[in-house]
Structures are given as C-alpha cells and as structure tokens.
Amino acid sequence: MQNADSHIRLIGVKKSYGDHVVLEECGLDILPGEFVVVVGRSGSGKSTLLNLIGGLDRPTAGDVELLGQSLAGLSEDELSRVRCRRLGFVFQFFNLIPTLTVAENVRLPMALNGASRAEGIQRADLLLGELGLDECGSRFPEELSGGEQQRVAIARALSHKPDIVLADEPTGNLDLETAEEVLALLEQTCRRHRATLVMATHSREVLGTADRVFTIRAARIHEEPP
Amino acid sequence: MSRSICILLIALGGCAAPADGPQPAQQGNATRFLTEPSDHEYARALGSRAFRFPEDHAAHDEYRNEWWYFTGNLRDAGGRHFGFELTFFRYAMSPEPVSRESAWGANQAWMAHLAITDTDGREFMAAERFSRQALGLAGSQAEPFRVWLEDWAATGDGPGFLPLHLSAGTDRAGIELTLSGTKPMVFHGDNGLDPKGPEPGNASYYYSLTRLEAAGTVRVADEEFAVNGTAWMDREWGTSALSPNLAGWDWFALQLTDNREVMYYRLRTDDGETSPFSGGSLLLADGTRIALSPQDVILTPLEYWTSDTSGARYPIAWQLGLPGQEMTLQVRPYLQEQELNLTVRYWEGAVSVTGSQRETAINGDGYVELTGY
Amino acid sequence: MNGIQVRSGLLARSGLRFYWRRPWQLCLAVSGIALGVAVYVGVDLANDSARRAFQLTSDLVTGSTTHHLMGTRGEIADSIYRTLRMEHGPVRAAPVIEAEVRLSRLPGRVLTLMGVDPLEESGFRGFSGFVPGRGTDLTRLIVEPGAVLAPAPLLEEMGLELGSEFGLLIGGETRSVRAVGTVLVTSSADEGPTAPLIADIATAQELLGRASLSRVDLILDEAQAERIRALGLPNATLVPAEGRNAAFDELARAFRINLTALSLLALLVGVFLIYATMSFAVVQRRVTFGVLRAIGVSRRQLLTGVMGEALVLGTLATTAGILLGQQLAEGLVDLILRTIGDLYFESSVSAVTPSPTIYWRGIALGLGMTLLAAAAPALDAARSTPNSAMSRAALERSTRRLALRATWLALPAAAVATILLLMSSRSLVLAFAGLFFVIATGALLVPVATRLLARLAEPLVEWGFGISGSLAARGMAASLSRTGVATAALSVAVATVVGIGLMIGSFRISVEEWLTGTLTADVYVNIDGEQFFDDSHRDALSAIPGVRGSSQTRFVRLPTAAGEVSLRALDPGPDGWGVRMTAGSTEAVARMESAEGVLVSEPLAFHRQLQPGDDLILPTASGEQAFTVLGAFRDYSSNGGTVLMPLSVYRSHWADDGINGIGVYLDDETDRETVLGEIRRVFGAGTPVRFRSNDFIRERSMSIFDRTFRITEVLRILAGVVAFLGLASAVMSIELERGRELAVLRALGLRPRQVRALTLAQTGLLGLAAGLFAIPLGIVMAALLIQVINVRSFGWSMDLEIASQPLALGVVLALSAAVLAGIYPAVRAVRTGVAGQLREE
C-alpha cells in the first residue's frame, strides 16, 4: 500500500476527545487525482478524518502527510499556508462569506495566495462558467439557492488550483436532485483540474463513480473492495 | 405635671421621638436653644409660694420656663363647632438679665403656637412663631396684663386679669376671643407647687382657670364666625426637667356640662407604664378640688389614628374611668387630624365627652394632648 | 393552554441555553447594560449630592429667601423691621447685618461678619443645620456679648481653639470676639469667597457700632411682596433675592449647568450603551427565532419569550448597575465636594442622601432600554415570515432599509431641533431639548455615514491590509444590524466628550482675552468697607516717577426693583475703558464719555432684555432716574449685571466723591518693586488697602476658572472611560459572534496574523468611523453649548474656538476603545480550534 507519490498519507493516526476515541490506528494512502469517498454513519468520525487531513485539527497520535510533507511539526501559520496553497474545502453548510459577492468569494483563496486582481477575476469567471453560474458573479451568496451556493463553494475550493479538495457532506444540505447534480459537478470539476478529491458522506449514491471507498466503523477505517 | 413643660422638654429631646420631618436639620433647630441644662443657676420651685396677683400673671424671668396655655371649644349660632389652642412659651437663655448696648440684646426667647380646629369644615390649622424679647417683639407685663409675640397676644381688657382678649391669626385662620371667669382659680399639687419628679426643686408653680366663658370670632379661610364657648387656661413656671425614662404623656382637660372639670395627665415611661408622678384634679361645681392619683384613674385607648404627615400613631379616643366616683367617660376627638407638625410635634385637639356616673348621663367638651408618639 | 406553557417553557430554556453556551455573551450583555445604568446613576447621584451640597451651601448665604428689603443708603432701621413684624404680619422675615472685617492676627484677610437672629433663621439660611456636632451653642451666641461662630479652618490657621478670643479690626479699632462654635469650613484661598463669621444680630451691631440692619431677608409669595411694596416703607426697597449674591449665584449656577450637562451626557451614553448591547443580543438569534416560528411558535409567544428574557437580563444588569453606580457616586461625590470646598465653602454634606427618584430613573433606564432594545428586533423577527427570519441576508437588507429610514428620520429630527433652538430664546429647558434632538439627528445619520465611510475606505484599507482590510470594510458596511447602533453609541459618547471639551476650551480662551482687555492697569489698589480714597491719592500717585497714569473706580451696588445691579463708575486711565462691545455702535464708548448714557454688561442686557436706546432706571441721590443704554459690553465677572458709566456722571447724580479702587499704570522701563514701594507709601500703613498686580488677578481668575471646570473635566473623562469600556464590550461581542466566519476564513488558509489583522481592522474601522463622526457632532454640540446654553444660562457670549486637541482626543478615544476591544476576539479567534468553530451553529 505504501506509495511514494501519495498525495495524502495517514500513519497510525489516533484521535480521541478525552476518553472518547473517534479514530484509531488509521492508515491511508491516497494517490494524486483519486476520487475517494469516506462513508459511515453520522458521528462515525468522517468529519474528524477530514479535519485531520485538512490540518484543522491535530491527531492525538500518528502523523498526517500531505504531498509528502508531515503536518506534525508545522506551526499554525505553516498549516495555514499549506491550506491556503494546497487545499480546497467544500462544507456541508456552504460557509460562503456573506459580505463578499459570489465572484469575490471565489477569488478569496487566490487573493490569499497573493494572486493579482485581474488573474483572480479571470479564473473566477472561468470556474463560475464551468459550474453554470455565469450570471451570478456580482450577486451575494444569500441571493442564491442552496445548490447554487454549493456550486460557488466548489468554485471557491478550486480557484487557487489546490492539489487536494476536501468535501465534508457537500450534499448534506441539499435535496436529492440538486445533490446529484452538485456531486457530479464536484467530481467532474475536480477531475478536470486534476485535484485529489476526498469526500465524506453518509449517502451511498456516489459510490459508483468513486475510485476508492473507505468505511469508518468502530473508530477504524476499512477500504471496501471495488 | 402639666403638659407644657413637656412641650419644652420635647424640644430638649428628652421625651419625644426626634422630629422626623423631611428636613431634620431645620425641624427642631429653632428650639435647640432650649437645650442649656444648667438648672442650678436658675430660680427653682422649692417651696410653697404665696401667689401675688396681678404680678404672678406676668413672666418670672429668673425661672427657666414659663407658659400661658389657652384651649377651648367654641360654637357659632348654628352649632358649628371649632376648637382652638393658643400658647405662649417663655424660655430664659441665661439666669441673669444681660446688659447690652444693642437694642437686640436679650436673654429671653419666646415661642407661640396657634391651632384652630374647624370640625365641620374638617380643617385643622397650626402655626408657630419665635422671637427674642427685644424691640418689643415679644414679652409680658402684669398691669394691664399682656403677653405677646408680635401680633399674637393675650391682653387684659380692663385693669384686672379678666376679661382677657385673645388675638392671633395667620393667613389661613385666626381667633379674636374675650374670656371671662366663672369659676375660681385652681392651684394644683400642693397649693400650686406641683412636683415633677423625686428631686427637690424638680417642680413648678401651676394654677389653672378651668372654666372661662369665651365669646368672639373665629376666622377660617376668610370667613368669620361669631362664636361662644368654654375655654381653659393653664399657667406654669419653673426650672424642672423631665425624668429621662419618660416617653411622653397623655393629658386630659375635660369640662363637663354639669359644671365639673377633670384634669388628668398620665406620664408614660419608656416601657409604656404609668409613672407614679402622674396625677390630676377633679373639680366640683363649687370649685372644690379632689386630687387624682394614678391609682384613682383607669385609662383605656379606644381608637388609634396614624398621621399621614409624620407617620406617628396616636391613641385619639379614650375611656377614662374614675372607679372611686363610679364615673366612666368616653373621650372622642372632634377631628382625627389635630396633629401640630411644628418644630415640636404633638397631637393636641378638641374632644367631646360622653359617659355616665351612677346611671346619670354625662356630656362635655375638652382638650387632649398626646406627646411622645 | 398546557401546550402553550410547555412551549413557552422550552422557549425560555432555549434562551437560557443560548447564554449558557456563550457565557461571555451573557457577561458582556449584563456588563454592557450594567455599565450604562451605572454611569447614569453614578453621575446623577453624584450630581444630585453636589446640587444638594450647593443648595445647603447656598442656603447659608441666601437660603430660601425670596426677597430682600434693602435700604437705599445701605441701612435699614431696626424700627422698620419691628413694624414689618408687628404690624404687617404674618410675614417671615430675618434681619441681617453684613460687613467686611479684618482679623488682627491675619491682617491680610478680609472676612464677612454676618449678624443674624438665630431664632428667625429657621427656614432661611438653614445655617443651624450646620451646627449639630460642631460644639455650637446658639444660646451662648445670643446671650454672650462678643460671641461668634467662626469657620473651623480659620481657627486652625490662627492656632485657636473653640472658646478662644481673637481680635477683629473694625474701622481702625480692634474688637475682641470669642469663638463659641464653628459653623462652616472655608476655603483657605485668600481672595476667594470665604465662609462668614456669624454673630447674633445684637453682637454684630455692637461690634460694628451701629444701630441698624444691612437688610431684611424675607420669604414672601407674590401677594405678600405686593402688599409690602405697597406699604412704602421709608428708605427701603424690596428687591427679589435672585441676583443679589451675584458672585455666588453665578458660580453656583455655572456649576449646576455643568452638572446638568454631564447628567445628560451620562444619560445619553447609558441609553446608547444599553441599546447597543441588548439589540445585539437579540439580533444575533434571528435564525433561532426563524426556526422557532417555522416549528409553529406564535408571534406572540416569541415576543413574550424574548421580552421575558430581556426582563430577566435587564433586572440582573440594572441591579448590578445601580450598585456599581453607587460605588461610582461615592468617589465622585467626594471629588465634587472637594471642588466645591475649593471654590466656595466646604460643607458637612458628605453624607447627602440622594433623592430616590434617581434610582427609579436608573431602573427605568436599565429595564426600559433593555426591553425596548430587545423589542425592536424581536418584533421584526416575529413579523417576518419564518423563512426570511432565518436569513441573515434578509436582516441586513431590512437593516439597510432601516438605516435609510433613519436617515430620513434625521430630517424631521433636525427640524425639531431647529425649531426648539429657535423657540428657546430664553428657555434653558427648550435649549437642552434642542441639543438633545441635534444629538439624535447625528445618531440617526451615523448608520448611513458608516456605510458610506466603509465603501470609501475599502480601497484604502485593501491597499493597506490586503484582503483582510477589504473584508473588514465589507464586514462593517454589510453588518449594520450589529455595528450601526454600536457606532452611533460610540459617536454620541465621543461627540459629547469632544463638545464639552471644546466648550470649556473656548470659554477659557474668551475669559483670558477678556481679562487681557479689561485689566489695562499694572497694579490695582482697593479699599474695603466704608472707607474711600479721594483725589489726593490720585495726585500723589501721579507724582511718583515711573507712573504714567491712573484710573479711578467707584463701585456700588444699587437696589432696583428687578434686582440688585453693580454700578462701576470709572475715570479711565491712559489705556482707555478696556471694554469689548457686544451690542451697540462703535461710538457707544465715546457717547458714554460725553454723558449721553451708560453701558451695560452682556448678562444684564440679556436678563433685562435691554437694547441700545432703551432706558435703565437707577436709584440716584435725587430719586429714580432713567439712563439711556448705549450698548453692551462683554463681562464674565458677574452674571448679575454691571452698569458702566463715567465717574463724573456718577458724582453728579449720586453726590458721592468716594473712590474704592485705583488702577496704576506704570512705564515699561521702570523698576516695578521700587515703584510699588512708593505706591504703598502713598497709602500709609494704617489704611486697609489691598494691592493686586495685573498678573495676580489674571492668574487668580484663571485658577478659579480652572477649578470650576476641574470637576467637569473629571466627569467628562469618567464618562469617556465608561463609554470606552461599555462600547469596547459591545464591539467585542460583535467580533466574538463572528467566530464562525473567521473559522471559515482560517480553513481557507487565512493565517493567524491575517485573522488578527482582520479583527483589529474591523473594530478599528468602527472606532475610526465613530471618532470621525464625533468631530462634526462634537463641534455642533460645542457651538450649541456656547451660543445657546451659555447664553440662556448666563447671558454671556463667547467665541467658539475649535482647538485640535479635544478633537484628536475624541478620535483617539474612539479608535483605542475599538481597537482594544478587538484584541481579545482577535486572540481568541486564533486560539480556538477551527474544527470546533465550524461545527457550531
């Protein structure tokens, strides 16, 4: 299973909150461009796993490596830099910045990476176009439907050309039809931009298109046979 | 013990609750001058006295306190009832007269109270005045008799003490009355020497005119009423102090329609008991005096009234029993609200009397004074 | 029925849990409201105590006196007093003798000897109220010749104890008096007003060797006053009490106006603080309310729930605030009393019990504003459909609409303010009401101005702070529901601090200029009491080498039917009259010199509504006479009113050659000390003469001025500090609520440093906005205080000087409050785990 080119590698990761063990002895190797789905019941530890991968949380034991770099020794500032450059997030609750327009939301990660305004605008236009939101750039997030908002979130997650996109229950807040649409878009867009996609979900709808599927059961991670 | 000394002594803070008006600093301040306690330098009522009139009607400056106290019940032709109280207090600020260049120099201070009760109008008016005995602002003289504080005065109409003209008023009410005598002068205590406590010299000279016919006018709110009625005068002077354990007193001056009078004062101690120095007189129609000791009198409060102004609760209706005489009297105020909320606060008001003696009905009027509540 | 109760119970629990989960929010809400109540109650309590202290102190001098009976020659015969009491009673009258005396032990000290009748004082000066516990014995005061009540510090200064004898210099003789009691503590200032020596009226007559009174103080209603006027008592004029003790009244009044303005400030700060705090606590939960509405909670239940919660919070906070306010007041009272003691008399009123209405007002403010602040957003949430209630966007949209509506409301508010101010030509109440509406107008404009400023500032802050700056500017403009009221609150508080600062500064400059203009001579020589200089002194002075000229002044007080006026008859020195005209033509001074009329001080012109050309009636030696008013001049020395005329005119009408003051003008080159020695020699050692240099008077006046306003300064700073704390807490809670938004940004890779910068930029912008808006508002307030309030209060005008320091102070105050408030949320945003914050909703 060891692969030198792993985009994401978890080594003996354990996460507990006090006595409550959420994850234990987790090992994982995800290759570039893979579309990985993590399934499990609510509260099984999917979000925790994604947070650990995203450096939003630190493991109790073990290590997380992103693109060959260990997160264990990184400061908060360095973690921010990793997120800023390498990662894109799609949240269940969209989490768009309400005070920024749609286009600005999409530009935000690029701006954080020091991209120029013109460059940002151009790429935002491109991404919004790809996601079918051409007309929405100057509107504010709250003026959009849930599905549209999540599409904006996808655009935002990809705008700075991240290596990895982490999606935590991206369809949890959407109706079935919209959910399918958003999932398809997310997958396609990630594949098009060659980003590794790790998605946590409790629905099994997406399993068909995933490269690999992991299940979390009793705090341990299991890979399901293809 | 007569009431008047206690009025002064309230001022001393000796027997009354402190004046608790809105401005304590001002209430009571004018009488603070009454607080000099050097009794021994003043003349004292030590032995019986050969009273001399008219001289004794005027002030005795060598004694510390002195007063002329007039109360009475009046009615107009239609039976409308009025009560009045007019009092002149003198207080010596030094035992000896002072010799001063200034015309303002004085060692005598005066206070006067005027209270008028308009029973039908349900109005009670009280006012006070102060002055030093200088520039002719206040003073007394024997012949012709006169005691005055500014334009409030009791003036002998003729060469004698009686008939006596009372004149006093404020913006709200006033009296113009002529008093004439019908019964002889009464000397209380031991021929006019009335002890106030166990110590020698703690006594006063005390005489009364218990039945005076009053005629004249009462003015209430710019309306004048021609009135007739019965008045009472107390005269007292001395240098006494009230025992420190006394809380106040209830004083009764009752004039019965059968030409008898009852005067009784009950001194209350701090724990609500009757002091053995309480006492009084029952005066028969012919002027004979029967002394009353605390054992002769049973006093029972019948009704209480709480003042809106001061918050004090006064027993304003009483049953007064004289078992030795087989006499029981009910004493009820003409008006509940007869509290004088002045520099010195007390309740003094006109009362009506009903009752019986050996199955014979008794009626009358009177005045009651309640202090220390 | 039961169902409703269950649901209400759950509602209450939801509210409780909200605060349980966010203890800081509870803390900030309670402390915000509590501070608002505390600052109002504290300042008002302190002011009330000060007002009463003043009342008591002022009672000492004038008391409840409504009128004075004054002699046309400064004396009232004993017999007039007797007639008044004996024949024209009932009347409340107290005799008074006042004279200036000197102490043989401290010959430089001038004291007032006040003779009174202690028996008649009850209800007048209430000075007996100062007696308890001070060893005073009124009996001895009346009976013992030479007995006086002396100010305690004076005895201390002379090294004397109660019962000691000391000498008074009266008319060149030494008379011995004995201190039988103390009545007051006095200022140790050698020129300032000092507490009088009090004696019985008989003693005073004997000491002064007179058989008359200075005046009779009366407490009269208008009918009685009319009756006494009609008596036509010989050589006596009935004068209204107001304005007689001009020097005292004017300072006391200045002080009171000051305190009133400060109470107003505290009230404003309190109102805004509470509103900002509570409306935020409710606004924040709109989503919850939307959900509750969605699951079937009725509007009424929702409102009841929110108001119940506000009631609980309000009660808790108001109680805390009142307790806090009491603590605050204790410190303040001490300070205020010390100021009064410095300036006037120290009185025994440290334990003043304030009127309970203040507490009721504090409770009304705390609970009322809490409920009101909660009601507005709760009503809004209840009124909207459940769906839109959940939407933050809908809220911001409606807030933006509200901000716009507030802007339109500013128009009528400004109109009301204008009308009130125009109508208030003589009414202080209307003027204050107008001021209030001006402030309201300003506050209503703040939200729109905030948006505008945010939009204007965005490119700038983006340039300066990058994306964080831009986010900050956007955040401020977009979350008006949270920032609007807070900014308005901060602006008003800061504007008030700025406005009062500007007013005091302007006043000070005007007084300084006036002193410079008025004090033209180098040395002033005055004589006290009934003694006078004559022309020979002037001739002797002129003969001294180095003296280039002199002026002569006769200063008298004249009783007039409308109150006492001060008459200054001047024979000016080489530098002219030294008056600055505020009304009348430029030739007014020249016309006065040619005996065409008189000049009046600005307050006199205001109070008596005198225009140039009007007549002023003054009692002269030959009866009442009309003088033409030629103009008004600036005069801060008294608000009672001064009339200026040439000495020659005075002499011809009053047949009085006396001079009380001489101004000496020196050559620039002369040696001052030598000349001063020569001048002193002219007057000899025996004459009770005071020499004061121009500089001394100026410094002394300015130090009195500064001391008068020291308390204002302190209270202003205090109000600023509390506004600072309260608003910091409001801003802090706004930032803390942004935790989730910041967590998202951190997930997107915003670095800790950037998060901190964003938070600080956001609060800093808010503070800057408030500070900037406070500048015009503060200037308008200062202008109103100067042009309207002061004129209505005192009748004097001053020039508005816009000094940069109070303005800068205001901006710094607002900015630092806001930035400081951002520090904790900034640190907290970085410390807490992003994962946890993201999950929270």
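What share of the contacts in chain B with a separation of 6 or more comes from residues 24 or more positions apart? Keep that one in mind for a moment, everyone, and hello. One caution before we look around: this is a predicted model.

So, chain B. The answer is 58% of those contacts. In secondary structure, chain B has 23 strands and one helix. It has 373 residues, and 60% of them count as buried. Its accessible surface is about 13,400 Å², with carbon and sulfur atoms contributing 48% of that.

Now please turn to chain A. Here we have an open sheet of four strands, paired antiparallel, in the order β2-β1-β4-β5. The edges belong to β2, residues 20-30, and β5, residues 69-70; each has a single partner strand, so one side of each has no neighbour in the sheet. Further in, β1 (residues 8-17) and β4 (residues 61-66) of chain A run antiparallel and are joined by five bridges. If you want a pair to click on, A:Leu10 sits opposite A:Val64 of β4. Helix α1 of chain A, residues 46-53, packs on this sheet and touches β1, β2 and β4, with its direction at about 125 degrees to that of β1.

Last stop, chain C. Look for C:Leu404, C:Trp408 and C:Leu411, which make a nonpolar surface patch of about 370 Å². C:Leu404 belongs to helix α13, residues 392-423 of chain C. Is C:Leu404 buried, exposed or partly exposed? Its relative accessibility is 47%, so C:Leu404 counts as partly exposed, since the exposed class starts over 50%.

Definitions and conventions
Residues are numbered from 1 along each chain as its sequence is written. Chains are lettered from A and ligands numbered from 1 in the order in which they are written. This is a predicted model: local features need pLDDT of at least 70, side-chain atom pairs count only at pLDDT 80 or more; totals for chains, interfaces and linings use all residues. Side-chain values use heavy atoms; hydrogens and water are left out. Two strands pair if DSSP finds at least two bridges between them. Helices (H or I, at least four residues) and strands (E, at least two) are DSSP runs, numbered from the N terminus. Contact means heavy atoms within 4.5 Å. Axes are lines fitted to C-alpha atoms, for helices over the stretch in contact, and angles run from 0 to 180 degrees between N-to-C directions. Patches are made of residues with over 30% relative accessible area and no salt bridge: like charges are joined within 9 Å, nonpolar side chains (Val, Leu, Ile, Met, Phe, Trp, Tyr) within 5 Å. Accessible areas come from the Shrake-Rupley method with a 1.4 Å probe; for residues, only the protein chains shown count as cover. A salt bridge is a side-chain nitrogen of Lys or Arg within 4 Å of a carboxyl oxygen of Asp or Glu. Buried means under 20% relative accessible area, exposed over 50%, partly exposed in between (1.4 Å probe, protein chains only).
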